[in-house]
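Colleague: I am new to this structure and would like a close look at one part, the place where the ligand sits.

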Amino acid sequence: MTAADTPQEQKDRIPPGQTLTQGFPVLHYGSVPYYRDMSKWDLRIFGLVDHEVQLSYKQFMALPRREFRNDIHCVTTWSKLDNVWEGVAVATVMEQVKLLPEASHVMLHAEHGWSTNLPLDDFLRETTFFGIKHNGELLTPEHGYPVRMVVPHLYFWKSAKWLRGIEFMSKDKPGFWERNGYHMYGDPFKEQRYDFD
Ligand SMILES: Nc1nc2c(c(=O)[nH]1)N[C@H]1C(S)=C(S)[C@@H](COP(=O)(O)O)O[C@H]1N2
Ligand SMILES: [Mo]
């Protein structure tokens, strides 16, 4: 809770069905990647762009960063308020490419073939960013080192850890959890958790 928040204001920040946690639970499918050699890491920006771009670790880490503050909401019902991050704005990364007009959706690709989808407008929101530090510390391997997407206005599964690719698409397509019954969009304030047939 920030000092400025009244109890009602803090309540309004917690979506229905969520419980506050002070810790930072770790959740993912599969194993945590441990990197030995960052010269092999890159971030690939591809799909509906005029030229595909691959940013090396050095290039990505040299991009200007700023602070972001937000609340995160996991579909498994925990929420964590007042996170302080250091990261790269989406607009900064988008200076590297020219989007084609047909682009309407984004697939975020992570290590081990994991993926998650979101509409282009949600990716381009000023509150969405590439997270490098959380509460003053570099991301741990478990939380997505070296870089994770952070999309705070959607359930936290959209915040891909171990990000390696950004694909621009002309229509929506389900990512890993979305193919397995999670909601295609995932607004926590509308409780868009699962979308089973
Ligand atoms: N690459 C990758 N990113 C992922 C996941 C995953 O399985 N793989 N799980 C998502 C889910 S379901 C959640 S709730 C958050 C958890 O992030 P945390 O472990 O940092 O709390 O990561 C998301 N990002
Ligand atoms: Mo999750």
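Which atom of ligand 1 does a polar side-chain atom of Trp 114 lie 3.1 Å from?

Modeller: This is a predicted model, in which local features need pLDDT of at least 70 and side-chain atom pairs count only at pLDDT 80 or more, while totals for chains, interfaces and linings use all residues. Residues are numbered from 1 along each chain as its sequence is written, chains are lettered from A and ligands numbered from 1 in the order in which they are written, and side-chain values use heavy atoms, with hydrogens and water left out.

The polar side-chain atom of Trp 114 lies 3.1 Å from an oxygen atom of ligand 1, a polar contact (a pair of N or O atoms within 3.5 Å). Backbone atoms take part as well: an N or O atom of Pro 25 is 2.6 Å from an oxygen atom of the ligand, and one of Ser 159 is 3.1 Å from a nitrogen atom of ligand 1. On its own, ligand 1 exposes 530 Å², of which the protein buries 98%; these accessible areas come from the Shrake-Rupley method with a 1.4 Å probe.

There are 19 residues around ligand 1 (each with a heavy atom within 4 Å of it). Pro 25, Tyr 29, His 143, Arg 148 and Lys 161 come nearest. By class, this shell holds 14 nonpolar, 3 polar and 2 charged residues, with Gly counted as polar and Tyr and Trp as nonpolar.

Ligand 1 sits in the largest pocket, meaning that more than half of its atoms lie within 2 Å of the pocket's grid points. A pocket is an open set of points on a 1 Å grid over the protein atoms alone, where a 1.4 Å probe fits, with protein on both sides within 12 Å along at least five of seven lines; lining residues have an atom within 4 Å of a point. The volume is about 410 Å³, taken as the space filled by probe spheres set on the points. Of the 28 lining residues, Leu 27, His 28, Trp 114, Lys 161 and Trp 177 are the closest to the centre of the largest pocket. The lining has 17 nonpolar, 8 polar and 3 charged residues.

How values were computed
Polar contact = N/O pair within 3.5 Å; in protein donor to acceptor, adjacent residues only side chain to side chain.
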